[in-house]
Amino acid sequence: MDETPVDETPVPPDQLADLDVDPALAAAVLEIEKHASEAGWDQPARLFALVDTAQLVAHEPQLAAAMGLDDSSERGSLTSVEQDQLDPSQQLERVLETITWPAQVTGCAAVVERLVLPPEADAELPEDPDEAAAYAREHPARQELRMVAGVTRDGSRYCAMRFRSHDDDTKVVGGAELVPALLELLDATLTDDDQ
């Protein structure tokens, strides 16, 4: 897969305050969300490997130098590495079922855009997936959102969400269990083959 590093501009400290999660993972997820927001909306799903920055510096010094990293300044952090573009005709959930990361990958994260409807719309939602998608696209109360979910091998989880109607860096919502189904799929990609 392609190894295009993500811009690692520091996340404002107020977005990391009072987190009951792994701060390195939370910072990586928020950096990925900011990176994704720079591309604008209506983007295909994206997938990122998360690697321990100190290990990256030790094992890939030229790549780390190109990214402006060194192990003393980045100890205890994760570096996100964007993978090849996913096939837009395939659902992210199906793609994740086919992926297994090598041991050097500490974690992974995915970015996906979705439409959400108010709970009262569920009663009229068609059972056919294509009809349901059309219904959601045309519903007057739909909300568009971008979700970034990340997990690590040690069980840490973090998510960030941005609504298109509140497209502002200060309005990004974060938490450990915002998209549990996506987190479970990401976590399954980190399972070793011998387990």
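What follows is a short talk about salt bridges and then a pocket in this predicted model.

Biologist: How many salt bridges does a search of the whole structure find?
Modeller: The general idea is that side chains of opposite charge can pair when their charged atoms come close. Here, the search turns up 11 salt bridges.

Biologist: Which residue forms a salt bridge with Glu33?
Modeller: That's Arg162, with the closest N and O atoms 2.7 Å apart. Glu33 sits in helix 1 and Arg162 in strand 6, so they're distant parts of the chain, 129 residues apart. Both Glu33 and Arg162 are buried.

Biologist: What about Glu82 and Arg46?
Modeller: Their side chains meet in a salt bridge at 2.8 Å, N to O. Glu82 is in strand 3 and Arg46 in strand 2, so the pair ties together parts 36 residues apart in sequence. Buried means under 20% relative accessible area, so Glu82 counts as buried at 14%, and Arg46 is buried at 16%.

Biologist: Is Glu184 buried or partly exposed?
Modeller: Partly exposed, at 46% relative accessible area. Glu184 meets Arg157 in a salt bridge of 2.6 Å, N to O, and Arg157 is buried at 14%.

Biologist: And the largest pocket: which residues are closest to its centre?
Modeller: Space in that pocket comes to about 960 Å³. Of its 33 lining residues, Gln91, Val112, Glu113, Arg114 and Leu115 are the closest to the centre. The lining divides into 20 nonpolar, four polar and nine charged residues.

Technical notes
Residues numbered from 1 in each chain as written. Predicted model: local features only at pLDDT ≥ 70, side-chain atom pairs only at ≥ 80, totals over all residues. Heavy atoms only, no water. 1 Å grid on protein atoms, 1.4 Å probe; cavity = no way out; pocket = protein on both sides within 12 Å on 5 of 7 lines; lining within 4 Å. Points joined across faces, edges and corners; volume = space filled by probe spheres on them. Nonpolar A, V, L, I, M, F, W, Y, C, P; charged D, E, K, R; others polar. Salt bridge = Lys/Arg side-chain N within 4 Å of Asp/Glu carboxyl O. Helix = DSSP H or I, 4+ residues; strand = E, 2+ residues; numbered from the N terminus. Buried < 20%, exposed > 50% of the residue type's maximum accessible area, 1.4 Å probe, protein only.
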